[in-house]
Amino acid sequence: MALSGRNVDPAAKARWNQTYRLSRYGLTPEQFNRLLDIQGYACAMCHTPFEEGQPVFLDHDHACCPDEKSSCGKCRRGLLCLSCNTAIGVIERKHYLARAYLNNPPGQLIDRGP
Ligand SMILES: [Zn+2]
Ligand SMILES: [Zn+2]
């Protein structure tokens, strides 16, 4: 899919920046706008376009910087919507468990002999 070319109202950019500034992740407004542009003004995970003024979260690698609210800058990953930002944290913690479970679900063992 094409990542750029979406016509974005500069006022919308300003509002995202304003909402974003409430949380402190260490991106300058210029870096933030550039990242929005790279991502086509959509969530990096579900690709749903950001609505005007919608809260946007900068995701980072929590293995590097465990603090939810701050990143060293080297481990930043992308801008996410609220639901993806919540989901990625759970997925990161649980995906090995989920894989093992899906590979060997106990429900399949009931009808097998001992
Ligand atoms: Zn999303
Ligand atoms: Zn870090």
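Is Cys72 buried or partly exposed? Cys72 is partly exposed, with a relative accessible area of 47%; here buried means under 20% relative accessible area, exposed over 50%, and partly exposed in between (1.4 Å probe, protein chains only). Welcome to this predicted model, in which local features need pLDDT of at least 70, side-chain atom pairs count only at pLDDT 80 or more, and totals for chains, interfaces and linings use all residues. Residues are numbered from 1 along each chain as its sequence is written, chains are lettered from A and ligands numbered from 1 in the order in which they are written, and side-chain values use heavy atoms, with hydrogens and water left out.

**Zinc ion (ligand 1)**

- Cys43 (SG), Cys46 (SG), Cys81 (SG) and Cys84 (SG) coordinate this zinc ion at 2.3 to 2.4 Å; donors are N, O and S atoms within 2.8 Å of the metal (3.2 Å for Na, K and Ca), and water is not among the atoms, so sites may look incomplete.
- The arrangement is tetrahedral because the four donor atoms subtend angles of 104 to 117 degrees, where four donors count as tetrahedral if all angles lie between 85 and 135 degrees.
- Along the chain, the donors of ligand 1 follow the spacing C-x2-C-x34-C-x2-C.
- Cys81 is buried, at a relative accessible area of 11%, and Cys84 is buried too, at 6%.

**Zinc ion (ligand 2)**

- Here the coordinating atoms belong to Cys64 (SG), Cys65 (SG), Cys72 (SG) and Cys75 (SG), at 2.2 to 2.3 Å.
- With angles of 105 to 114 degrees between its four donor atoms, ligand 2 also has a tetrahedral arrangement.
- The donor residues of ligand 2 are spaced C-C-x6-C-x2-C in sequence.
- Like Cys72, Cys64 counts as partly exposed, at 41% relative accessibility.

**Around Ser71**

- Ser71 sits in the loop between strand S1 (57–60) and strand S2 (76–80); helices (H or I, at least four residues) and strands (E, at least two) are DSSP runs, numbered from the N terminus.
- Ser71 is buried, with a relative accessible area of 16%.
- A polar atom of the Ser71 side chain lies 2.9 Å from the backbone nitrogen of Gly73.
- His60 is 11 residues from Ser71 along the chain, and their C-alpha atoms are separated by 6.6 Å.

**The largest nonpolar core**

- This core has 17 residues, and Trp16, Phe32, Leu36, Cys43, Phe50, Val56 and Leu79 touch the most other members; a nonpolar core is a set of buried Ala, Val, Leu, Ile, Met, Phe, Trp, Tyr and Cys residues joined through side-chain atoms within 4.5 Å.
- Helix H1 (10–21), helix H2 (29–38), S2 and helix H3 (82–103) each supply at least two of its residues, and H2 gives the most, with three.

Definitions and conventions
A polar contact is a pair of N or O atoms within 3.5 Å; within protein, one must be able to donate a hydrogen and the other to accept it, and residues adjacent in sequence count only if both atoms are side-chain atoms. Four donors count as tetrahedral if all angles lie between 85 and 135 degrees; four count as square planar and six as octahedral if opposite donors are over 155 degrees apart and all others between 65 and 115; anything else is irregular.
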